[in-house]
Amino acid sequence: MRNYCSAGLLLVMLTGPLTPAAAQDRQSKRIEKCSLVVAGTAYIDGGREWSWRQVAEASAHLAAQLRQRGLGRGDRIGIILPNQSEWLLTYFAAAQIGAAVVGLNVRYRETELDFMLADGRVKAVLAPAQYAGFDYVDF
């Protein structure tokens, strides 16, 4: 396994099988290591400041939730979110589990979404319940 930590972002090259418990342990150690390397604010979203440690912990937590829902390497996850920290956290979480992200515009409606989801072979979608008058739950 090789770890690369730069500017708060971590790329890990794994070799061999990895159990969920071992993955969580390794993730915790990487968060600690990267948090020591890079201090300060990573992102500011709507007045909220995210430290690199908070970004790493939140994306690791989301990655674990995605794994629990059966998502993993090679799956495609659609993100229908406005430009905010949750978009980035989802992107980082998907990368941690080996999933690809299919970015979908919040302005897309049924016709565009139907096509993009089918064409992109999206297995799961993260979206707000409602946004800009569109109800994603009813979609």
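**View 1. R76 meets its partner in β6.** The bridge partner of R76 in β6 is A100. Further along, G78 stands opposite V102 of β6. This is a predicted model, with residues numbered from 1 along each chain as its sequence is written. Local features need pLDDT of at least 70, side-chain atom pairs count only at pLDDT 80 or more, totals for chains, interfaces and linings use all residues, and side-chain values use heavy atoms, without hydrogens and water.

**View 2. β5 and β6 run parallel.** Strand β5 covers residues 76-79 and strand β6 residues 100-103; they pair in the parallel sense over four bridges. Strands here are DSSP runs of E, at least two residues; helices are runs of H or I, at least four residues; both are numbered from the N terminus. Two strands pair if DSSP finds at least two bridges between them. Between β5 and β6 the chain passes through helix α3 (residues 85-97), in a right-handed β-α-β crossover. Right-handed means that, with the strands pointing away from the viewer, the path from the first strand over the helix to the second runs clockwise.

**View 3. Three strands make an open sheet.** Their order is β6-β5-β7, and the pairing is parallel. The edge strands are β6 and β7 (124-126), each pairing on one side only. Where does α3 pack? Helix α3 packs on the sheet and touches β5, β6 and β7. Touching means contact, that is, heavy atoms within 4.5 Å. The direction of α3 makes about 180° with that of β5. Axes are lines fitted to C-alpha atoms, for helices over the stretch in contact; angles run from 0 to 180 degrees between N-to-C directions.

**View 4. The whole protein.** The protein has four helices and nine strands.
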